[in-house]
Amino acid sequence: MLYDLIIIGGGPAGYNAAERAADGKLKTLLFESRALGGVCLNEGCIPTKTLLYSAKIYDYAKHSTEYGVSFGSASIDHAFVIERKNKVVKTLVGGVSAKLKKAGVEVVAGKAEILGKTAAGFTVKSGDKEYSAKQLLICTGSEAAVPGIPGLRESVADGFAMTNREILGMTAVPEKLVVIGGGVIGLEMASYFNSIGSKVKVLEMLDHIAGPTDREISTILQKNYAKRGVEFQLGAKVTAVGSGGVTYELNGKTETAVADKVLVSIGRRANTAGIGLENIGVLTERGAIVTAPTGKTNVPGVWAAGDVNGRSMLAHTAYREGEVAINNILGKKDSVNYDSIPSVIYTNPEVAAVGETSESIKEKGLDASAHSLTMRYSGRYVAENEGGDGIVKLIVDNKHNSVLGVHMIGSYASEIIYGAAMMVERQMRLENVREFVFPHPTVCEVIREAAFDIK
Ligand code: NAI
């Protein structure tokens with residue numbers, strides 16, 4: 001049978017695109033080789049947020065006396081948390097499946113491989129069956145990078161080291177957890193295991209954690225976690241993993257971090273191997289599919305969305321990329337604005353950001369300046385955060401007075417940032433931000449305060 005569209009991969013890019021395609025009356029077939037929902041629903045965003053929410057409740061309980069509440073000593077049952085996480089995942093995966101069914105999308109549970117192009121369209125094989133479609137959308141996602149550090153792959157194979165996939169299934173609590181890579185995954189997992197009682201050590205190659213996060217914010221985050229007992233070793237070059245530890249070089253000296261378990265979270269690789277891209281000549285660069293902001297690849301009729309294009313590797317970017325590709329397939333012009341994509345680190349305190357940072361304006365030589373304000377200007381923040389050190393930071397274009405970036409560390413940052421992203425997306429000027437009525441008392445009011453604080 002000839003389909004209008006074949007989508008390979010049922011993660012946030014693929015399943016959302018499939019729904020939009022069906023809305024647009026395209027006869028759509030979707031292949032998924034593991035589980036609908038992809039990494040996000042099964043072994044990424046949602047499972048981690050489930051764990052972190054339990055940790056947050058536990059942390060609140062541990063600190064409740066600071067707010068005048070006491071109810072005996074709190075405890076956390078990690079195996080129960082994992083079981084609850086499995087239930088949450090099952091519910092949401094079931095939801096995706098039901099939505100696709102309702103939309104009329106055909107789903108094949110199996111790995112798809114592109115065989116080639118004929119006059120009718122593209123041919124895709126799964127198992128011993130062949131399928132054809134006029135257009136292809138590739139949404140095969142990414143997987144954890146496990147480089148050839150001596151002993152690392154063997155350690156992942158024997159369970160001593162884990163990626164995001166295995167750690168989210170582990171029901172025991174490691175006494176000593178060593179995290180290789182102080183990026184988003186490393187920090188969220190360090191946060192969870194620190195909360196539930198593991199001794200956590202983070203080994204980070206760079207001289208700062210949290211990658212491209214504004215440095216003032218990542219420094220505050222690191223201080224918060226150092227205070228809670230997470231050990232950070234910056235500038236550490238890991239040289240070997242195994243035999244109950246991780247060996248690394250620091251300032252020319254060889255050191256060892258003893259571990260019961262190791263998490264490897266040093267970035268992700270696009271899944272482009274074994275899907276037949278070479279059979280139709282799809283261009284890749286450093287392992288990721290090269291796409292335009294419309295989702296177009298170099299092959300007419302072939303589109304890509306989500307982590308597989310290596311651009312932003314965030315689930316919410318994947319949603320947008322998927323729908324942008326479908327809009328273009330349906331003849332509606334659309335493209336992704338990569339400059340205003342918000343990002344969140346779900347630590348406690350939360351970090352959320354959009355747009356330029358103090359560092360990026362310098363690197364790009366932009367005529368812009370950075371203005372930070374303590375979150376203690378928000379009454380609600382003070383009421384809810386004993387000793388909180390959160391800040392909001394605005395990056396403002398000096399000439400046009402427009403908002404180029406917003407960065408926050410503190411409560412509700414993850415829920416506030418979308419409003420800030422709209423300011424950046426619409427290049428809103430400070431005077432417009434000041435005109436907005438923000439609800440009171442809220443933490444988001446600090447954005448307004450910060451706008452007035454800039455003279
Ligand atoms: P990442 O790119 O965020 O961080 C990797 C870190 O590992 C970097 O700081 C890097 O300098 C460090 N590193 C690299 N090689 C190293 C080595 N040999 N030794 C020590 N450190 C080393 O990657 P991560 O944390 O694995 O996350 C992968 C992707 O998943 C990211 O693109 C992220 O955006 C996404 N993600 C997003 C989340 C969110 O939005 N809240 C949550 C979790 C993941």
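Author: A residue is called buried here when its relative accessible area is under 20%, exposed when that area is over 50%, and partly exposed in between. The model is a predicted one.

Reader: With those cut-offs in hand, is Ile417 buried or exposed, and what is its relative accessible area?

Author: Ile417 belongs to helix H13, which spans residues 413–425. Leaving out residues up to four places away in sequence, Ile417 touches Pro342, Val344, Ala352, Ala353, Val354 and Val406. Since the cut-off for burial is under 20%, Ile417 counts as buried, with a relative accessible area of 2%.

Reader: How far apart in space are Ile417 and Val351, C-alpha to C-alpha?

Author: Along the sequence, Ile417 and Val351 are 66 residues apart. In space, taken from C-alpha to C-alpha, the separation of Ile417 and Val351 is 9.5 Å.

Reader: Which residues of helix H15 are buried, and what covers them?

Author: Helix H15 runs over residues 445–453, and its buried residues are Glu445, Val446, Ile447, Ala450 and Ala451. The elements that cover these buried residues include strand S22 (368–374), strand S23 (391–397), strand S24 (403–409), H13 and helix H14 (430–435).

Reader: How is the chain divided into domains, and how far apart are the centres of domain 1 and domain 3?

Author: The domain assignment gives domain 1 as 2–144 + 269–337, domain 2 as 152–266 and domain 3 as 349–453. Taken over C-alpha atoms, the centres of domain 1 and domain 3 are separated by 31 Å.

Reader: Which residues of domain 1 lose the most area to domain 3?

Author: Between them, domain 1 and domain 3 bury about 330 Å², with 37% of it on carbon and sulfur atoms. On the side of domain 1, three residues together account for 88% of what that side buries. The residues in question are Glu66, Tyr67 and Asn337.

Reader: How many salt bridges does the count come to, and which residues are linked in a network?

Author: Side chains of opposite charge can pair when their charged atoms come close. By the rule used here, the count comes to 16 salt bridges. The residues linked in a network of salt bridges are Glu19, Arg20, Asp23 and Lys99.

Reader: Why does the salt bridge of Lys201 and Glu231 tie together parts that are apart in sequence, and by how many residues?

Author: The closest N and O atoms of Lys201 and Glu231 are 3.1 Å apart, which is within the 4 Å that the rule for a salt bridge asks for. Lys201 counts as buried at 15% relative accessibility, whereas Glu231 is partly exposed at 34%. Because Lys201 lies in strand S10 (residues 199–204) and Glu231 in strand S11 (residues 231–234), the pair ties together parts whose separation in sequence is 30 residues.

Reader: In which helix do Glu384 and Arg380 both lie?

Author: Glu384 forms a salt bridge with Arg380, and their closest N and O atoms are 2.8 Å apart. Glu384 counts as partly exposed at 33% relative accessibility, and Arg380 counts as partly exposed at 28%. The two residues are 4 residues apart, about one turn of the helix, and that helix is H12 (residues 379–384).

Key. Residues numbered from 1 in each chain as written. Predicted model: local features only at pLDDT ≥ 70, side-chain atom pairs only at ≥ 80, totals over all residues. Heavy atoms only, no water. Domains from an automatic or database assignment. Buried area = accessible area lost by both parts, 1.4 Å probe. Salt bridge = Lys/Arg side-chain N within 4 Å of Asp/Glu carboxyl O. Buried < 20%, exposed > 50% of the residue type's maximum accessible area, 1.4 Å probe, protein only. Contact = heavy atoms within 4.5 Å.
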